[in-house]
Amino acid sequence: MSDTHTVLYDPRGLIEAELPLDRAPHEALVTAVLAWQNPDLEPRDYEQLALQLTGHARAVAADVRRHVAALPKNDGRGALADVVLREADGRLAAPLEGTARCVQNRARLVKALYTRLDRLTEPAPAAP
């Protein structure tokens with residue numbers, strides 16, 4: 001195995017846009033984490049779960065941003081998505097902790113981002 005790696009320059013996120021989100025396992029993880037009553041894990045286990053959910057939240061947020069960019073300017077769904085994305089940016093900027101609360105907060109964030117993504121991928125409501 002080589003000790004080198006390649007850094008890809010992809011400022012427009014085209015590579016990421018081509019890769020589908022691995023939604024089912026992450027939704028299962030979110031469901032399991034949100035169902036916790038009194039988990040008793042080691043701090044490093046909580047940290048790993050939080051890292052996994054953080055990475056996926058960033059990927060879903062990027063997908064939401066791509067969908068928002070493709071919407072017409074007068075589509076209200078974009079404004080709502082912007083609110084969710086600002087909230088996501090703030091929550092993702094918070095440092096990770098090795099706690100169940102931190103993991104559950106990241107799980108709630110992933111769930112909220114998927115909810116917004118689903119609303120963006122639905123057909124636009126008919127104008128009155």
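Biologist: Is D89 buried, partly exposed or exposed, and at what relative accessibility?

Modeller: D89 counts as partly exposed, at 41% relative accessibility. Buried means under 20% relative accessible area, exposed over 50%, and partly exposed in between, with a 1.4 Å probe and protein chains only. Please note that this is a predicted model, in which local features need pLDDT of at least 70 and side-chain atom pairs count only at pLDDT 80 or more, whereas totals for chains, interfaces and linings use all residues. Residues are numbered from 1 along each chain as its sequence is written, and side-chain values use heavy atoms, with hydrogens and water left out.

Biologist: Which residue forms a salt bridge with D89?

Modeller: The partner is R65, with the closest N and O atoms 2.7 Å apart. A salt bridge here is a side-chain nitrogen of Lys or Arg within 4 Å of a carboxyl oxygen of Asp or Glu. The pair links distant parts of the chain, as D89 is in helix α4 (residues 76–93) and R65 in helix α3, 24 residues apart. Helices are DSSP runs (H or I, at least four residues), numbered from the N terminus. R65 is partly exposed too, with a relative accessible area of 35%.

Biologist: How many salt bridges are there in the whole structure?

Modeller: The search finds six. One of them joins the side chains of R23 and D118, at 2.8 Å from N to O. R23 lies in helix α2 (residues 23–34) and D118 in helix α5 (residues 100–121), so this pair ties together parts that are 95 residues apart in sequence.

Biologist: And R77, what does that pair with?

Modeller: R77 forms a salt bridge with D75, the closest N and O atoms being 2.8 Å apart. Both R77 and D75 are buried. Elsewhere, salt bridges that share partners join R23, E27 and D118 into one network.

Biologist: Changing topic, how many residues does the largest nonpolar core have?

Modeller: It has 26 residues, and V64 and L113 have the most contacts inside it. Such a core is a set of buried Ala, Val, Leu, Ile, Met, Phe, Trp, Tyr and Cys residues joined through side-chain atoms within 4.5 Å.

Biologist: Which helix gives the most to this core?

Modeller: Helix α5 does, with 10 residues. Helices α2, α3, α4 and α5 each supply at least two.

Biologist: What about H56, buried or exposed?

Modeller: H56 is buried, with a relative accessible area of 6%. This residue is found in helix α3 (residues 43–70). Not counting residues up to four places away in sequence, H56 touches L21, D22, H26, V110 and Y114, where contact means heavy atoms within 4.5 Å.
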